[in-house]
Amino acid sequence: MKKPFVTLDQLKEIVKEYPTPFHIYDEEGIRKNARRLKEAFSWNKGFKEYFAVKATPNPFIVDILKEEGCGADCSSMTELMMAEALGMSGNDIMFSSNATPEEEFVKAKEMNAIINLDDYTHIDYLERITGIPEKICCRFNPGGIFKTANGIMDNPGDAKYGLTKEQMIDGFTKLKKKGAKIFGIHSFLASNTVSNEYYPTLAGILFELAVELKEKTGADIKFINLSGGIGIPYRPDQEENDIYVIGEGVREAFERILVPAGMGDVEIYTELGRYMLAPYGHLVATAIHEKHIYKEYIGLDACAVNLMRPAMYGAYHHITVMGKEEAPLDHKYDVTGSLCENNDKFAIDRMLPKIEIGDLVVIHDTGAHGFAMGYNYNGKLKSAELLFKEDKSVQLIRRAETAADYFATFDFCNLFNKK
Ligand SMILES: *Cc1c(COP(=O)(O)O)cnc(C)c1O
């Protein structure tokens, strides 16, 4: 059973001040989870999580993770600016971008971020723009199909990211000639993996590559970034990952491959987004309409603008009708938003308790890739984000958009700001 981290009574208080829809984040859950991750990898002296800012680009959230010892994984100008606003620089930041505009490399270099090159041609590109930094990382794409003991996980051969093995070898050689001294390897081969096998299998591949790169290029490889991809159980019947088993699996590969090669000082980095935040966010909405045609519909005051994953990927997000946790699931609903798009459905043919107009609904696991993917289709405005703090008080961490925000990009004319 998925249980919300807020009660109906707490929500009733919250909505008096902050009307639905909104995203709310669980500070206690975020901190405890970050500590578990750190503990699971505490066998590695230099371990560091660089939170993937794109998953939940809210400075208050990134700051909580910073307090827990995390850095930031940025991939764009504004993400770098957010990290900068929080006083982050240098080794606190991984810049893992692709198809990168010049000014973003300039900014990353200015902030001394660890630059992770997505392509062989970016070596000359970066050299021309900023010069080659002493510390540099390259993203690896092994091509083909990525399998673990449990079967096929993804298809890197079709992914736009990273350098081939030959390019990694040539790239490290070239970077060394151009003055790079400290090298890292990065790879992201599968997303939302609900399996303890993903990281250990990926680690095995990257550790072997590191040994080979060291032999063939003489590069001093100091860190390996396993990137994102650890998933969460969106469905209540899925078994969640055990981060301690994952950490131990990576340690086993480390002892087996890197230590005998004299590379026992390599630092392990992660760049998790979903795993760090998804379970610790809810989208809270109110049922505002019911409709009985060929199917039964419940219309919410939230829509795909607030959470795009169901519309975009057909993703499952569990729904709790607040105050009806014990009621029988004897009604079959499509739970919809108000966009003029038939895919604007949070749930299709979902068995739920009978929903009345005015019921508060919690949509689970929206803490990562939730608010972040929001857009303004149909002129809908983005919601507020709230923090449910450890002392159970609530803090506004982003106000809701207003019509003035929506029209702000017409500030060069006076259509919307007539005085
Ligand atoms: C999206 C992304 C992540 C985080 O992915 P999750 O699936 O949220 O863990 C990490 N690194 C890079 C480069 C990414 O693009």
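A residue is called buried when its relative accessible area is under 20%, exposed when that area is over 50%, and partly exposed in between, with a 1.4 Å probe and only the protein chains taken into account. The structure is a predicted model, in which local features need pLDDT of at least 70 and side-chain atom pairs count only at pLDDT 80 or more, whereas totals for chains, interfaces and linings use all residues. Residues are numbered from 1 along each chain as its sequence is written, and side-chain values use heavy atoms, with hydrogens and water left out.

Start with Ala 99, which you will find in the loop between strand E4 (93–96) and helix H5 (102–110); helices (H or I, at least four residues) and strands (E, at least two) are DSSP runs, numbered from the N terminus. Ala 99 counts as exposed because its relative accessible area is 65%, and its phi is near 45 degrees, a positive value in a residue other than glycine.

Select Asn 192 next, in the loop between strand E9 (182–186) and helix H8 (198–217). Phi of Asn 192 is likewise positive, near 45 degrees, but the residue is partly exposed, since its relative accessibility is 24%.

Then move to Pro 21, in the loop between helix H1 (8–17) and strand E1 (22–26), and display the backbone there: the peptide bond that joins Thr 20 and Pro 21 is cis, with omega about 0 degrees.

Asp 365 is the next stop, in the loop between strand E17 (360–363) and strand E18 (384–388). Asp 365 is buried, because its relative accessible area is 4%, and its side chain makes a polar contact of 2.8 Å with the side chain of Lys 2. A polar contact is a pair of N or O atoms within 3.5 Å; within protein, one must be able to donate a hydrogen and the other to accept it, and residues adjacent in sequence count only if both atoms are side-chain atoms.

A polar side-chain atom of Lys 54 lies 2.6 Å from a ligand oxygen atom, and one of Glu 271 lies 2.6 Å from a ligand nitrogen atom. At Arg 274, a backbone N or O atom lies 2.8 Å from an oxygen atom of the ligand. Taken alone, the ligand exposes 390 Å², of which the protein buries 91%, with areas from the Shrake-Rupley method and a 1.4 Å probe.
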